[in-house]
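Q: I have just opened this one and have not worked with it before. Can you walk me through it?

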Amino acid sequence: MKLDLTQGICDNSQYNAWRFPGGELHAKLKFSNLTDEKIEIVARLNSSDDIILLLLVNDILIKDFKKNQRNLFIPYMPYQQADRNFGAGECFSLKTIATLINTMNFDKVTVFAPHSDVTPALLNNCEVIDNSSFILKVLQNIGCSDENLAIVSPDAGAYKLIFKLCQKLGFKGEIVTCSKSRNHTTGELTTVVPNFDENKTVLIIDDIALGSRTFFNIRSEMKNENVYLAVSHGIFNENVDKLENEFTKVFTTNSRRSNSVSEKIEIIDIF
C-alpha cells in the first residue's frame with residue numbers, strides 16, 4: 001500500500017496528525033489491518049515538522065506491522081546544500097539528517113534527483129531516480145527539434161550530469177556550459193555564457209531553484225528570444241515575478257509542492 005505523508009500535519013483518510021497545546025506533534029494511522037507486504041511511504045521533508053511526522057509514523061508501523069517491508073520515497077532530500085564538512089564549529093547538516101533517516105531502518109530509500117553523490121552515499125539502502133523522465137516531458141512540451149535547441153548547463157559542476165542526461169535521452173543538439181566566478185570580498189557572483197546561435201531556443205537545466213539569481217545572470221547574457229528553465233526542485237522562495245518576466249516558461253516537479261506559484265511555472269508530477 002502507499003502511505004502518503006506529503007500533506008504534512010492534517011486529518012485525511014490515511015492518518016490524523018495534530019499538535020498538542022505544548023507544540024508537540026502526535027499522529028494516528030486510520031488503518032489497523034494491512035494485507036500488503038510492502039508499505040510505500042512518500043514524504044515531502046520540507047520542514048522539521050515533516051521529519052518528526054515521518055519519525056512518529058514509522059514508529060507506529062514498526063510497532064503494529066513488524067513483518068511488513070517499509071520503503072521510503074523522498075522527492076526532495078532536505079539539507080543537500082550542506083553536503084560536506086565545512087570545518088570545526090559548523091554542522092554537516094546532510095549527514096545529520098541522513099543519520100536520522102538511517103535510524104528508521106527502511107528497507108529501501110529512494111531519492112529523486114539528488115544534488116550530489118553525497119546523498120546516496122550517506123543514506124542506507126538508497127536508490128536514485130534521475131531527472132530524465134522529467135526532462136523528456138519538458139522537451140516534449142517545448143516541441144523544438146534538436147538542431148534548433150541549445151541546452152545550457154549553469155556551471156561546470158552540473159555539466160557532467162547534463163551531458164549524461166542528454167546521452168540517455170538521445171539529444172543530438174548543442175550543449176552549452178557556463179562558468180562562474182565569485183568575488184570573495186564582495187560575494188558578488190559573475191556568470192560567463194559562451195557565444196552560441198542567438199536564433200536557437202534555449203533550455204537551462206539545473207536541480208534546485210531558490211532565488212534564481214544564477215538563472216537571471218545567465219538570461220541577462222543571452223539575446224535569444226525563447227529561453228526556458230527546468231529545475232527538478234522548485235523552491236522559488238523569492239523573485240517569482242522576475243521569473244515570469246525573464247523566461248518563456250519555467251518547469252519543475254511536484255517534489256516540493258503540488259500547486260504552482262505562477263501561471264508561467266508548470267509542475268510536472270513525478271509521483
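Q: Which residues have the most contacts inside the largest nonpolar core?
A: Leu3, Ile41, Leu54, Leu72 and Ile101 have the most contacts there, in a core of 32 residues. A nonpolar core here is a set of buried Ala, Val, Leu, Ile, Met, Phe, Trp, Tyr and Cys residues joined through side-chain atoms within 4.5 Å. Buried means under 20% relative accessible area, exposed means over 50%, and partly exposed is in between, with a 1.4 Å probe and protein chains only.

Q: Before we go on, what kind of model is this?
A: It is a predicted model, where local features need pLDDT of at least 70, side-chain atom pairs count only at pLDDT 80 or more, and totals for chains, interfaces and linings use all residues. Residues are numbered from 1 along each chain as its sequence is written, and side-chain values use heavy atoms, with hydrogens and water left out.

Q: What does Leu54 touch?
A: Leu54 touches Leu5, Ile41, Ala43, Leu45, Leu72, Met104 and Phe106, leaving out residues up to four places away in sequence. Contact means heavy atoms within 4.5 Å.

Q: Pro75 next. Where is it, and is it buried or exposed?
A: Pro75 sits in the loop between E5 and H2. It counts as buried because its relative accessibility is 0%.

Q: What is around Pro75?
A: Apart from residues up to four places away in sequence, Pro75 touches Val42, Ala43, Arg44, Phe112, His233, Ser255, Ile270 and Phe271. Asn199 is 124 residues from Pro75 along the chain, and their C-alpha atoms are separated by 36 Å.

Q: What about Ala113, where is that?
A: Ala113 is in the loop between E6 and helix H3 (118–122). Phi of Ala113 is near 45°, again positive in a residue other than glycine. Ala113 counts as buried, because its relative accessibility is 9%.

Q: Which residues does Ser93 contact?
A: Ser93 is in contact with Tyr79 and Ala82, setting aside its neighbours within four places in sequence. Ser93 lies in helix H2 and is buried, at a relative accessible area of 13%.

Q: Now the whole thing. How many helices and strands does the protein have?
A: The protein has 7 helices and 15 strands. Its radius of gyration is 21 Å, close to the 18 Å that the globule rule gives for 271 residues, so the protein is as compact as a globular protein of that length. That radius is taken over C-alpha atoms, and the rule is 2.2 Å times the number of residues to the power 0.38.

Q: What does the C-alpha trace span?
A: About 60 × 45 × 35 Å along the principal axes.

Q: How much of the protein counts as buried?
A: 46% of the 271 residues.

Methods. Helix = DSSP H or I, 4+ residues; strand = E, 2+ residues; numbered from the N terminus.
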